[in-house]
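Open the model in your viewer and keep the selection panel at hand. This tour goes stop by stop: what to select, then what is there.

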Amino acid sequence: MADFFFFLLAVLIICVLAICCGIWYEKKHEVEKRGRKKKYLVFSVIGLLSFFGGLCLGEGLHLGYVILKASGGPLTIFPFALIIYALLFSIGLYLSKEQSLGFVLKAFGISFIFIFLAFFGLMAYGAHQHYYAKYISVDKVSAQSDYVIITEEELAEFSALKEAIAAANKSEDCGTIVQVPPDEWERTRHFIGSDNIKVVDEYYEVGFMLA
């Protein structure tokens with residue numbers, strides 16, 4: 001993973017250099033630059049669409065695992081993102097009717113930078129979610145003397161707890177852990193108020209964990 005981030009940093013530097021070279025080229029050759037703001041905006045969107053298209057194909061449709069045999073992470077996303085990028089970038093250049101090398105360099109740099117912004121934005125969101133993640137663990141146990149009775153109607157109001165209990169019922173030899181939104185985690189913890197609960201005729205030990 002560290003090598004991959006160094007690779008991203010290197011490509012990001014190349015993007016910045018491409019933009020700088022494009023600016024230098026057009027100043028040197030006095031290229032007409034009017035009406036280009038919308039075109040640059042289009043190429044920034046191309047960068048975003050390329051990344052999320054790769055995310056959808058590689059992760060969403062699991063093509064990264066099936067075709068590339070990747071175990072997850074960037075390697076399941078970026079090969080598809082680059083293919084989509086090449087197609088969209090070519091179409092964008094054709095429709096822009098720009099023939100200046102400076103424009104091509106700047107369009108490449110801008111669009112690729114937005115791919116990285118999307119990637120790091122997703123990484124930051126994932127890190128934020130992990131930092132604030134809360135979990136519920138449920139183990140199916142034998143009859144207890146101290147427990148709280150929860151009806152099926154009450155259980156329906158706590159989707160994560162219901163999911164964890166259903167999973168514990170399918171795997172009685174071990175417990176199950178489910179990630180819960182912070183607000184539901186707090187609401188469930190205060191509602192139960194005990195480590196042991198009874199739902200219908202089954203008993204469960206419930207634990208509340210932080211990330």
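Select strand 1 (residues 134-141) and strand 3. They run antiparallel and are joined by five bridges. Two strands count as paired if DSSP finds at least two bridges between them. Strands here are DSSP runs (E, at least two residues), helices are runs of H or I with at least four, and both are numbered from the N terminus. This is a predicted model, in which local features need pLDDT of at least 70, side-chain atom pairs count only at pLDDT 80 or more, and totals for chains, interfaces and linings use all residues. Residues are numbered from 1 along each chain as its sequence is written, and side-chain values use heavy atoms, with hydrogens and water left out.

Now pick out individual bridge partners. Valine 138 is bridged to threonine 176.

Stay on valine 138 and look toward strand 5. Valine 206 of strand 5 stands opposite valine 138. Strand 1 and strand 5 are antiparallel too, paired over eight bridges.

Which order do the strands take? The order is 2-4-5-1-3, in an open sheet of five strands with mixed pairing. Strand 2 (148-150) and strand 3 (176-180) are the edge strands, each pairing on one side only. On average, neighbouring strands are turned by 35° against each other, direction ignored.

Contact means heavy atoms within 4.5 Å. Axes are lines fitted to C-alpha atoms, for helices over the stretch in contact, and angles run from 0 to 180 degrees between N-to-C directions.

Colour strand 3 by face. Thr176, Val178 and Val180 make up the covered face. Ile177 and Gln179 make up the uncovered one.

Go to alanine 164, in helix 7. Is alanine 164 buried or exposed? Alanine 164 is buried, with a relative accessible area of 0%. (Buried means under 20% relative accessible area, exposed over 50%, partly exposed in between, with a 1.4 Å probe and protein chains only.) Leaving aside neighbours within four places in sequence, alanine 164 contacts Val138, Thr176 and Val178. Draw a C-alpha to C-alpha distance from alanine 164 to threonine 176: they are 6.0 Å apart in space and 12 residues apart in sequence.

Now select helix 7 (residues 159-170) with helix 8. Their axes come within 9 Å and cross at roughly 75°. The two helices are therefore roughly perpendicular to each other. (Angles of 65 to 115 degrees count as roughly perpendicular, under 35 as roughly parallel, over 145 as roughly antiparallel and the rest as oblique.) Ser159, Ala160 and Leu161 of helix 7 meet Glu184, Thr188 and Ile192 of helix 8.

Last stop: helix 2 (residues 37-60) and helix 5 (residues 101-131). They pack at about 40°, with axes 8 Å apart. This pair is therefore oblique. Show the contact residues, including Phe43, Phe51 and Phe52 of helix 2 and Phe103, Phe114 and Phe119 of helix 5.
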